[in-house]
Amino acid sequence: MIRNSLLIAMLALVLAACSDKSAPSSESGFVPSKQTPALVVETFQGSKFDLSEHREKWVAVNFWATWCAPCLKEIPDFNAFAKSRKDVQFIGLAYEEITREDMSAFLKDHPIDYPFAIIDVYNPPEHFETPRGLPMTVLIAPGGKVVKTFLGPVTSSELAEIIGPPAPQ
């Protein structure tokens with residue numbers, strides 16, 4: 001009986017975590033005491049990503065997973081947006097337990113053109129709230145303040161509505 005209840009609870013959590021419905025967004029994508037969240041990660045591509053080095057740009061911090069269908073829909077859209085906008089930096093945070101080999105195999109069918117890191121689900125970035133579902137995207141304005149948190153899928157068009165037109169070159 002307890003085993004069945006646990007199985008049902010886990011199934012409900014998985015279904016809720018990977019939903020096509022967007023929940024209302026908020027500005028709570030960071031620890032309340034932090035006005036400008038910090039993030040330093042070793043990327044899958046082998047370099048260091050330090051959020052503080054991107055304060056002159058908009059930054060989209062995208063929590064995702066390979067098993068999340070809405071997350072997979074975002075990747076090509078984010079790839080195109082990242083290439084077209086020099087004033088926007090994406091950083092993907094693969095929020096799952098996955099080996100480097102499995103991620104490499106995944107990337108053959110789902111290339112990601114912006115930096116991303118595999119995040120330890122038991123030790124998520126401390127300046128960001130633990131995702132209640134995936135995908136979750138935190139949009140940070142130039143200067144470092146969190147502008148909006150999207151729980152559920154978001155499109156580049158929705159991001160562009162907040163960011164505005166590209167900065168003149």
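Author: What follows takes a few terms in turn and sets each against its cut-off; please keep in mind that this is a predicted model.

Reader: What makes H2 and H4 oblique to each other?

Author: The axes of H2 and helix H4 (residues 156–163) come within 10 Å and cross at roughly 40°. Angles under 35 degrees count as roughly parallel and 65 to 115 as roughly perpendicular, and H2 and H4 are therefore oblique to each other.

Reader: Which residues of H2 and H4 meet there?

Author: From H2 come Asp77, Phe78 and Phe81, which meet Ser156, Leu159, Ala160 and Ile163 in H4. By class, this contact of H2 with H4 has 5 nonpolar, 1 polar and 1 charged residues.

Reader: Why are the buried residues of H3 said to line one face of the helix?

Author: In helix H3 (residues 100–109), Met103, Phe106 and Leu107 are buried, the word being used for a relative accessible area under 20%. Seen down the axis of H3, its buried residues fall within an arc of 100°, so they line one face. On the other side of H3, Glu101, Lys108 and Asp109 are exposed, a word that requires over 50%. The cover over the buried residues of H3 includes strand S4 (58–64), helix H2 (69–84), strand S5 (88–95) and strand S6 (116–119).

Reader: Where is the predictor's confidence under 50?

Author: The mean pLDDT of the chain is 85, yet pLDDT stays under 50 over residues 2–17, for which the model has 3 contacts beyond four places in sequence. Over residues 19–34 the pLDDT is also below 50, and this stretch has 36 contacts beyond near neighbours in sequence.

Conventions. Residues numbered from 1 in each chain as written. Predicted model: local features only at pLDDT ≥ 70, side-chain atom pairs only at ≥ 80, totals over all residues. Heavy atoms only, no water. Buried < 20%, exposed > 50% of the residue type's maximum accessible area, 1.4 Å probe, protein only. Helix = DSSP H or I, 4+ residues; strand = E, 2+ residues; numbered from the N terminus. Arc of directions from axis to C-beta. Contact = heavy atoms within 4.5 Å. pLDDT = per-residue confidence, 0-100. Axes fitted to C-alpha atoms, helices over the stretch in contact; angles between N-to-C directions. Parallel < 35°, antiparallel > 145°, perpendicular 65-115°, else oblique. Nonpolar A, V, L, I, M, F, W, Y, C, P; charged D, E, K, R; others polar.
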